[in-house]
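Here are a few exercises to work through with the model open beside you. Try each task before you read its solution.

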Amino acid sequence: MQNAGLATLGLNWRYLAFDVDPRHLRAALDGAKRMGFIGVNLTVPHKLLAVDMVEALDESARTWGAVNTVRFEVDAHGQTVARGFNTDADAIVRSLREDLGVELPGKRVLLLGAGGAGRVAALRLAAEGVAVLHLVNRTEAKAAAVAEEIRQWHPRVQVQLGYPKGEVDLLLNATSLGLAATDASPLAAQQFSLDQARAVYDMIYRPAETPLLKAAQAAGCRTANGIGMLLYQGAKALEIWTGQPAPVAIMRRALEANVYGRG
Ligand code: NDP
């Protein structure tokens, strides 16, 4: 998707993938800087490690404590420095809005998962002004820790551990259950029925339709998978590197062709 975006913007740049051992991340970032790279994206586990390796942090990276995008820029002294950004958190909100039609302020949300993506989603949804947030996670202590963070930073959000009794506007799966065909459902069916949810979002995008999304469609819920999250974090990164609006529709086509083999 990045190369399709760069070509559309008429830039003779290339986006390449490198497999970097976390032990060599600092050297790799330094090498990229010295070779005149415009920037890089980072994925797990580099996102957390890079926070202490870049010379400057954008507000987005400081807020979320993770760097997924780096831009190499020249400072006032003529030195090239690495500035870290985070484009993941905003991408969740944008995808919920544009792919699922959910405007978050005032909404009731059930969030499954409190790993890296679940924690950021919970905090970002709270920042967006959801009214009620129900948190469910296999390791309950992790959900409790996220709930504590929300109570501290967003005291107006009602945060509860466990399944709701009534209806929710949105059910969001941020667990990795559904990636493998043999996975159990992330939802405890005896504690929550999909009839209680209006819309269901699964962060997983491969497979395109997890069993959770299939069941949600059958129950009449609006549904979307996580491909939009991946798209929008990349589109924002392209804008950070180029200073130009990202050609999102073209990037989406390229991404879907690549992930799903259709174009
Ligand atoms: P983490 O490893 O940090 O978290 C995994 C989460 O899944 C935890 O909540 C974990 O619970 C739960 N989980 C894993 N296995 C089981 C199980 N057997 N039973 C119950 N719960 C389980 O991963 P991430 O937060 O980074 O990613 C979570 C999901 O989001 C993944 O599917 C990933 O592909 C997707 N994702 C999608 C993105 C996109 O762009 N669309 C971006 C980032 C992530 P516990 O805490 O108890 O271990």
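The backbone nitrogen of arginine 108 sits 2.8 Å from a polar side-chain atom of aspartate 169. This is a predicted model, where local features need pLDDT of at least 70 and side-chain atom pairs count only at pLDDT 80 or more, while totals for chains, interfaces and linings use all residues. Residues are numbered from 1 along each chain as its sequence is written, and side-chain values use heavy atoms, leaving out hydrogens and water.

**Exercise 1.** Work out where aspartate 169 is placed and which residues it is in contact with.

*Solution.* Start with the place: aspartate 169 belongs to strand 8 (strands are DSSP runs of E, at least two residues, numbered from the N terminus). Next, check accessibility: aspartate 169 counts as buried because its relative accessibility is 9% (buried means under 20% relative accessible area, with a 1.4 Å probe and protein chains only). Finally, list the contacts (heavy atoms within 4.5 Å): leaving aside neighbours within four places in sequence, they are Lys107, Arg108, Arg198 and Ala199.

**Exercise 2.** Find how strand 5 and strand 8 are joined.

*Solution.* First, look at residues 108-112 and 168-173: these strands run parallel, with 4 bridges between them (two strands pair if DSSP finds at least two bridges). Then pick out one facing couple: leucine 112 is opposite asparagine 173. Now zoom out to the open sheet, whose 6 strands follow the order 7-6-5-8-9-10 with parallel pairing.

Technical notes: Buried means under 20% relative accessible area, exposed over 50%, partly exposed in between (1.4 Å probe, protein chains only). A polar contact is a pair of N or O atoms within 3.5 Å; within protein, one must be able to donate a hydrogen and the other to accept it, and residues adjacent in sequence count only if both atoms are side-chain atoms.
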